Amino acid sequence: MVLEGNPEVGSPRTSDLQHPGSQSSCVLSSPGDDAQPGEEPIKYGELIVLGYNGCLASGDKGRRRSRLALSRRPHANGVKPDVMHHISTPLVSKALSNRGQHSISYTLSRSHSVIVEYTHDSDTDMFQIGRSTENMIDFVVTDTSPGGGTAEGPSAQSTISRYACRILCDRRPPYTARIYAAGFDASSNIFLGVENESNVLQDGSLIDLCGATLLWRTPAGLLRAPTLKQLEAQRQEANAARPQCPVGLSTLAFPSPARGRTAPDKQQPWVYVRCGHVHGYHGWGCRRERGPQERECPLCRLVGPYVPLWLGQEAGLCLDPGPPSHAFAPCGHVCSEKTARYWAQTPLPHGTHAFHAACPFCGAWLTGEHGCVRLIFQGPLD
């Protein structure tokens, strides 16, 4: 399923994020036919898995990562429709016995199927996405759980197809990218029952894999996204303002991303997500009769969740390099106002029929009237 892209997603400035993959993956680093030695390959775009704040919880490794750049391959590997066969459904498996021939079977009824054989296309590059770890899969994607986790272990049942989708990119300008449901399996065959209505990807397109949602960013959109240096400069500028806890009067500071998201730092800012007042951590104001996480703000007396603040570090999810002024509720991930309001108003797929706004950095469902809150910091008294 492809959700219509929104050009607003590309409001930001430039993304220098490059996640180098394994040397065996030509998707990430191999130059195209026209690239000269030392030149960067032509980039078609990038896929970002929603629900991760810069990398997978277990770290980005090889083809299993939270973000992947699709670049022009040294040699075209695309395919295009060649011959179409109308055949009785019981004979489909026999007709697909040629393991070296790409083919797709459309089941129209119990007794009627259509087989389309594919041939090499020298004008396109193909990238395949799915849960399978077989060599033909370029981007291995697993189910995303709210909070930025993944469904792992033998008891975790994935809802993502082993061969979920494939993307074909034109090797010539304007480098149009098109997505197709399902990819080719180990036998070069795949069975489909539906076709996409519109499969041209644009900046901001959301791809629902029924277990994870991918965001497509074009090079033009990424040129407007903030860089890691800009995000770090924002963190340092926020800390340089020396925000204080209005009750404890201790100085607060956002921790460095290099620490990773472990236990909150002793200087970590915390927020009452209903009102936006930022404090240091304290143990008073509990309202357990309202819930285990409910606290009463000592400044305005509103009762609601009280959570640590974490800066959003996936630059491709940001709309602009604006200051970290808003936080998603109830998770506490911080970003610019424009970014927060955009994602709070964007319903994301949940299951097969439901949609719900969620934090793009961790996947937590958003709550409250607006899904985000403006942060209210207190400056130093001196």
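Reply: We go through the ring contacts and then the cavities of this predicted model.

Me: How many aromatic pairs does the structure hold?

Reply: Rings count as a pair if their centres lie within 6.5 Å. The structure holds nine aromatic pairs. In one of them, tyrosine 44 and phenylalanine 127 sit 6.1 Å apart, centre to centre, with 65° between the planes. Planes over 60 degrees apart count as edge-to-face, and this pair is edge-to-face.

Me: Which parts does the pair of tyrosine 44 and phenylalanine 127 tie together?

Reply: Tyrosine 44 belongs to strand S2 (residues 43–49) and phenylalanine 127 to strand S7 (residues 124–130), so the contact links parts that are 83 residues apart in sequence.

Me: Is tyrosine 44 buried or exposed, and what about phenylalanine 127?

Reply: Tyrosine 44 has a relative accessible area of 2% and is buried. Phenylalanine 127 is buried too, at 1%.

Me: Which residue lies over the face of tyrosine 118?

Reply: That is arginine 166, at 5.4 Å from the ring centre.

Me: What is the volume of the largest cavity, and which residues are closest to its centre?

Reply: A cavity is a space where a probe fits but cannot get out. The largest cavity has a volume of about 100 Å³. It is lined by 13 residues, and Leu231, Gln234, Gly312, Val334 and Cys335 are the closest to its centre. Helix H4 gives the most to this lining, with three residues. By class, the lining has six nonpolar, five polar and two charged residues.

Technical notes. Residues numbered from 1 in each chain as written. Predicted model: local features only at pLDDT ≥ 70, side-chain atom pairs only at ≥ 80, totals over all residues. Heavy atoms only, no water. Phe/Tyr/Trp six-rings, centres within 6.5 Å; stacked < 30°, edge-to-face > 60°. Helix = DSSP H or I, 4+ residues; strand = E, 2+ residues; numbered from the N terminus. Buried < 20%, exposed > 50% of the residue type's maximum accessible area, 1.4 Å probe, protein only. Lys NZ or Arg CZ within 6 Å of the ring centre and 35° of its normal. 1 Å grid on protein atoms, 1.4 Å probe; cavity = no way out; pocket = protein on both sides within 12 Å on 5 of 7 lines; lining within 4 Å. Points joined across faces, edges and corners; volume = space filled by probe spheres on them. Nonpolar A, V, L, I, M, F, W, Y, C, P; charged D, E, K, R; others polar.
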